[in-house]
Amino acid sequence: METTHRIRGLLAGTAAALVLLTGCSASGPHGSADSAERGGGHPAPADGGTAPRDQEREPARDHLSTFALDVDTASYGYARRALADGDRPDPSTIRPEEFVNSFRQDYERPDGNGFSVTVDGARTGEEWSLLRVGLATRATTATAERPPAALTFVIDVSGSMAEPGRLDLAKESLGTMTDRLRDDDSVALVTFSDEAETVLPMTRLGDRRGRVHDAVDSLEPADSTNLGAGVGTGYATAVEGLREGATNRVVLVSDALANTGDTDADTILERVAGARREHGITLFGVGVGSDYGDALMERLADRGDGHTTYVSDDADAEKVFCEELPLHVDLTARDAKAQVAFDPRTVEEFRLVGYDDRRVADDDFRDDDVDGGEVGPGHTVTALYAVRTRPGAEGHLATATVRWLDPATRAPHESSGRMEAGALRQDLPSAPARFQVAATAAYFADALRAGDGRSGTLPDAPSLTELATTARTLAKRTEDPEVGRLAETIDLARRGGDR
């Protein structure tokens with residue numbers, strides 16, 4: 001069973017996680033039905049929308065799970081690159097939600113500005129189930145219907161970028177993207193090695209595309225990596241070329257192997273805090289290279305109100321620079337957070353898969369000064385929970401609520417979806433194909449986090465051999481080449497682990 005609730009508003013996002021699972025028991029001093037009945041319920045949505053229908057049944061505080069939304073995918077892309085090179089990725093770089101959010105979902109989308117909330121699930125064994133919380137923004141529109149873009153590209157030209165698949169890939173992709181942007185879009189170009197330099201100030205494309213191509217073609221690898229200088233100069237260039245009514249964004253392309261100047265993400269971002277807060281300039285990090293500073297790039301995007309992705313080949317670059325970036329420059333929500341309330345009368349225990357660095361204190365869900373995630377049109381965000389229900393559980397299981405701010409007015413909006421325990425009667429192999437794809441990606445990340453080539457720590461986790469078989473079957477069912485690549489990647493991990 002699937003429930004979808006809609007509300008008008010705006011949505012957008014990014015961010016990250018390092019540890020796979022954190023358990024939360026549904027027993028304890030506030031775990032009784034009486035204490036749940038005494039709960040204060042959900043405050044009315046600030047935009048006057050419909051509050052959750054079972055306010056009197058809201059679980060007690062320790063039955064809440066709250067996190068900032070995240071649409072990053074870099075962790076999966078980098079893991080795929082490492083496995084293709086014959087290496088096993090460092091477990092610290094595995095963020096399960098970025099594996100899950102790398103794959104398309106078929107959630108119903110809202111008709112206009114706003115988003116839908118979908119909650120469904122399937123049993124994975126005798127005691128445990130997977131619960132899926134899916135959030136979807138409106139579909140992307142044609143490039144002619146979006147606001148103009150003012151993009152400041154900050155390109156790493158340090159010596160390490162000379163490796164094939166780094167600067168050469170970035171130059172080719174930027175050249176192609178320049179031809180696909182609209183005439184009323186603008187582009188600036190900043191490079192950094194030992195120092196940073198504005199190679200091209202903010203330039204309205206129109207009949208000036210040749211200037212952009214000349215600037216891109218002139219890029220050559222130099223010396224050290226002063227990433228802090230690059231980000232600082234990039235934001236200064238973006239502010240100088242700021243366009244009212246346009247989406248102003250800094251796009252950082254780097255292997256993030258900083259070795260000169262500021263190398264701490266918080267210090268780097270503090271230098272540009274004014275530009276970020278006053279002008280709302282977001283940061284989009286594009287990682288490249290077999291050696292990649294994942295932690296630094298992730299931290300920069302997380303704290304810079306942006307998101308990260310990773311490109312390893314021409315196909316990735318074409319998708320990111322030429323298809324996704326021109327369409328997704330629009331921002332439809334700021335500081336988006338989700339909160340899932342589990343009913344203690346039906347839920348014994350739950351575990352959120354991933355989002356560990358994106359956890360938010362439950363009391364801060366409606367504190368709009370607390371940082372959330374930024375998400376754009378055309379995105380979906382999926383959160384999976386391993387859930388153990390009480391024997392014979394019937395009735396309300398969980399309510400998921402998402403809260404976000406209008407990027408222009410900062411007015412808050414909310415929308416919710418709920419699920420009943422009876423919806424968990426289907427087994428995972430009988431669940432919709434896209435649900436199974438999300439589960440397969442999560443189990444795969446879980447196994448890589450375990451670091452020993454075996455199945456992971458999630459309840460009822462299948463082996464890598466079983467996961468590879470499932471992914472191949474799903475690739476045929478969905479006719480999705482990305483799911484086929486997932487099957488190939490799991491096979492690489494399986495062979496590396498002698499499984």
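This report walks through selected features of a predicted model.

Start with strand 6, which covers residues 149–156. Of its 8 residues, 8 are buried, so the strand is largely enclosed by the rest of the structure. Its side chains point two ways. Ala149, Leu151, Phe153 and Ile155 point one way. Ala150, Thr152, Val154 and Asp156 point the other way. Both sets are buried.

Strand 6 has parallel partners. One is strand 9 (residues 247–254), joined to strand 6 over 7 bridges. Here Leu151 has Arg249 as its bridge partner. Another is strand 7 (residues 186–192), also joined to strand 6 by 7 bridges. In that pairing, Phe153 stands opposite Leu189. Helix 4 (residues 167–180) belongs to this picture too. Together, strand 6, helix 4 and strand 7 make a right-handed β-α-β unit.

## Ser254 in strand 9

Ser254 is part of strand 9. Its relative accessible area is 0%, so Ser254 is buried. The cut-off for buried is under 20%. The side chain of Ser254 reaches the backbone nitrogen of Ala256 at 2.8 Å.

Which residues does Ser254 touch, leaving aside those up to four places away in sequence? They are Asp156, Met161, Phe192, Leu227, Val286, Gly287, Val288, Tyr292 and Met297. Asp156 is one of the residues of strand 6.

## Val320 in helix 10

Val320 sits in helix 10, which spans residues 314–328. Its relative accessibility is 4%, so Val320 counts as buried. Beyond residues up to four places away in sequence, Val320 touches Phe284, Val286, Thr309, Val311 and Leu325. Val286 is also among the contacts of Ser254.

Take Thr309 from that list. Thr309 and Val320 are 11 residues apart along the chain. Their C-alpha atoms are separated by 8.1 Å.

## Aromatic pairs

A pair of aromatic rings is described by the distance of the centres and the angle of the planes. The model has 11 aromatic pairs. One of them joins Tyr76 and Phe99. The pair is edge-to-face, at 5.3 Å centre to centre with 70° between the planes. It links distant parts of the chain: Tyr76 is in helix 2 (residues 74–84) and Phe99 in helix 3 (residues 96–100), 23 residues apart. Both Tyr76 and Phe99 are buried.

Tyr292 and Tyr310 form a tilted pair. Their centres are 5.3 Å apart, and the angle between the planes is 55°. Tyr292 lies in the loop between strand 10 (282–287) and helix 9 (294–303), while Tyr310 lies in strand 11 (residues 307–310), so the pair ties together parts that are 18 residues apart in sequence. Tyr292 is buried, at 8% relative accessible area. Tyr310 is buried as well, at 4%.

Ring pairs also build a cluster. Its members are Tyr76, Phe99, Phe103 and Phe444.

## Two residues with positive phi

Most residues other than glycine have a negative phi. Arg410 has a positive phi of about 60°, although it is not a glycine. Arg410 is in the loop between strand 16 (396–405) and strand 17 (412–420). Is Arg410 buried, partly exposed or exposed? At 41% relative accessibility, Arg410 counts as partly exposed.

Glu479 also has a positive phi, near 55°. Its place is the loop between helix 12 (464–478) and helix 13 (481–496). Glu479 counts as exposed because its relative accessibility is 70%. The cut-off for exposed is over 50%.

Key: Residues are numbered from 1 along each chain as its sequence is written. This is a predicted model: local features need pLDDT of at least 70, side-chain atom pairs count only at pLDDT 80 or more; totals for chains, interfaces and linings use all residues. Side-chain values use heavy atoms; hydrogens and water are left out. Helices (H or I, at least four residues) and strands (E, at least two) are DSSP runs, numbered from the N terminus. Buried means under 20% relative accessible area, exposed over 50%, partly exposed in between (1.4 Å probe, protein chains only). Contact means heavy atoms within 4.5 Å. Two strands pair if DSSP finds at least two bridges between them. A crossover is right-handed if, with the strands pointing away from the viewer, the path from the first strand over the helix to the second runs clockwise. A polar contact is a pair of N or O atoms within 3.5 Å; within protein, one must be able to donate a hydrogen and the other to accept it, and residues adjacent in sequence count only if both atoms are side-chain atoms. Rings of Phe, Tyr and Trp (its six-membered ring) pair if their centres lie within 6.5 Å; planes under 30 degrees apart count as stacked, over 60 as edge-to-face and the rest as tilted.
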